Amino acid sequence: MTAAHTCTLLSVRSATRRFGGLVAVNQLSFDLYPGEVVGLLGPNGSGKTTAMNLISGALPAHGGQILFNGQPIHALKSHQIARLGIARTFQLVRVLGPLSCQDNVIAGMAFKPRPLFGKAAAARAQELLQRVGLERHAALPAGELTYIDQKRLELARALALEPRLLLLDEWLAGLNPTELQQGIALIRQLQGSGLTILMVEHVMDAVHALCSRCVVMHAGTRIAEGATAQVLRDPEVVRAYLGGEEDDSREAAHA
Amino acid sequence: MSRKEILAWAAGACVLLGLALLPRWLEDDYYLSLLISILMYCVLATSWALFSGPTRYVSLATVAFFGLGAYVTAVFGEQLPWAAVLAIAAGAGLAVALVVGLSTLRLSGVYFVIFSFGLAELVKQLVTWWEVNVTKDLGRYVFVDITQLDIYWQLLALLALVLGLRALVHRSRLGLALRVIGEDETVAKHVGINTTHAKVLLFTASAVFMTVTGAIMAPRWTYIDPSIAFAPVISFQTLIMALLGGAGALLGPVLGAVPLVLLFEYLGAHFPNHFSILLGLVFIVIVYFVPQGLSGWITRFSRRKKGRP
């Protein structure tokens, strides 16, 4: 293994995933370095979420390799990957409805390699809830939170795992301008604490504000990778967005 | 342990002692036999809820394990000491549950329900095949030196054990893991829960209690054949009792088992020819009107009293 590989945190190499005849992720390769915030972009249906699912183990890859910290993880199960230090949020938010917000966060820390449970977990959960702005709702069933607050809760649960890599799947989507600024500040703060973040995001303001680099996908393949401003000017990226739905062209114009 | 919990355990111990002494004041054997039926279903429904309550995997395999236990008693009851019979029953339940659990708990939702029902039928057919082709005798007599009172006390001890275990599991990490699995298995995996381990562990524990219940109950029948020991109605009644009481609450299954055993006893005595129809009606009424279970009702009622919505 070369020196370059040992300092990458995550290395996706020719990862491939098919659904029947459709190749959702086709020979996708990219690297993440410790402490980076990288955007995973692309029009709807370009395979971004599937790529996230391959990394988190929610779906098995049909080809290629994924290395985390130099260790192959593409054949591991989700719970093993989580314990290695990769946490995620979901595009369609998944909170544990009847459980209290505090228990939702404790669920995130009770099964990591050095588990926290009981009183210590409750105290730590309260800290994390405070960090995402939910400290007043600790005892409330998660299902009774607003959609936005459920997203915050999901982030707190992911952080409870004390991950080294955080996968955010459209975590900033649907926020109002004030919430968006808070969200961006929160992610910056996470980056400041040394966390590496891979984010699928359509909100271009956030991508510009947070991501030093971007990987752009189209129809399952990587069409561009590099510094954010440069990648978003790439003719092929612009074409991919303009060639997509009306929605996407507006996003690209905005970019 | 908090003060409230210590009080709860102490209260539980007192109730247990009271129930253990209860037969002293019973003059009619009919009441003892009724108490045994109630206890049997309390144990079965609580064991069922041990696994199915938090995970929400609806199992119809109860009678597969119950019948297995009954057959262990029928086969070994005469030659071996009683403790050995119970140990063999527990071991058999453990082995079958491990094999079944490891191979099927990847299924979820309706597939698991159908599979568990199929499992009970499969075991029944296998035993029938064996009796017809190998022993050449479909029925068996159970001659064991166990009195009704022994059965009562053993079931009571078993109920105390399974309730205690459920209480301990509920407050442990395993309990949290099962609740997370019940809510969202994808999330469970992504917070690091080995869902297969957690499910197989609890499924097996639950099955062991069911098997031992069958072993303890067998002497009461004196004669068993596969259609008695593996009667599907036992699985259905266990399920509906747990649902009526509320499978999520510790005492929910007991809350459901007591009134339903009494009701079924009444229906069976007064309308023997229409029992199945009435049983079906009871199922419909419960699922339709008490979807949250009695324990859910009580919680909501007490909340409203405290002035919370």
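One definition before we start: two strands count as paired if DSSP finds at least two bridges between them. Keep that in mind for L10(A), which stands opposite F68(A) in β4(A). And a caution: this is a predicted model.

Let's stay with that pair of strands. β1(A) and β4(A), the latter being residues 63–68, pair in the antiparallel sense.

Strand β1 of chain A, residues 10–19, runs antiparallel to strand β2, residues 22–32. Seven bridges join β1(A) and β2(A). Within this pairing, S11(A) stands opposite D31(A) in β2(A). Now the turn. The hairpin of β1(A) and β2(A) has two residues between the strands. There, G20(A) takes a positive phi near 60°.

Next, the open sheet. How many strands form it, and in what order? Six, in chain A: β6-β7-β8-β3-β9-β10. The pairing is mixed. At the edges stand β6, residues 86–88, and β10, residues 221–227, of chain A. Each has a single partner strand, so one side of each is left without a neighbour in the sheet. From one strand to the next, the twist averages 20°.

Look inside that order. Strand β3 of chain A, residues 37–41, pairs with strand β9, residues 213–218, in the parallel sense. Four bridges connect β3(A) and β9(A).

Now the helices. Helix α7 of chain A, residues 177–192, lies across β3, β7 (165–169) and β8 (196–200). Helix α7 runs at about 150° to β8(A). Helix α10 of chain A, residues 235–242, packs on the sheet too, touching β9 and β10. The direction of α10 makes about 130° with that of β10(A).

Last, the domains. The domain assignment of chain A gives domain 1 as 3–85 + 163–254, and domain 2 as 96–157. Over C-alpha atoms, 25 Å separate their centres. The contact takes six residues from domain 1 of chain A and seven from domain 2 of chain A. What classes are found on the domain 1 side? Three nonpolar residues, one polar and two charged.

That's the tour. Over to you.

Note on methods
Residues numbered from 1 in each chain as written. Chains lettered and ligands numbered in written order. Predicted model: local features only at pLDDT ≥ 70, side-chain atom pairs only at ≥ 80, totals over all residues. Domains from an automatic or database assignment. Contact = placed C-beta atoms within 7 Å. Nonpolar A, V, L, I, M, F, W, Y, C, P; charged D, E, K, R; others polar. Axes fitted to C-alpha atoms, helices over the stretch in contact; angles between N-to-C directions.
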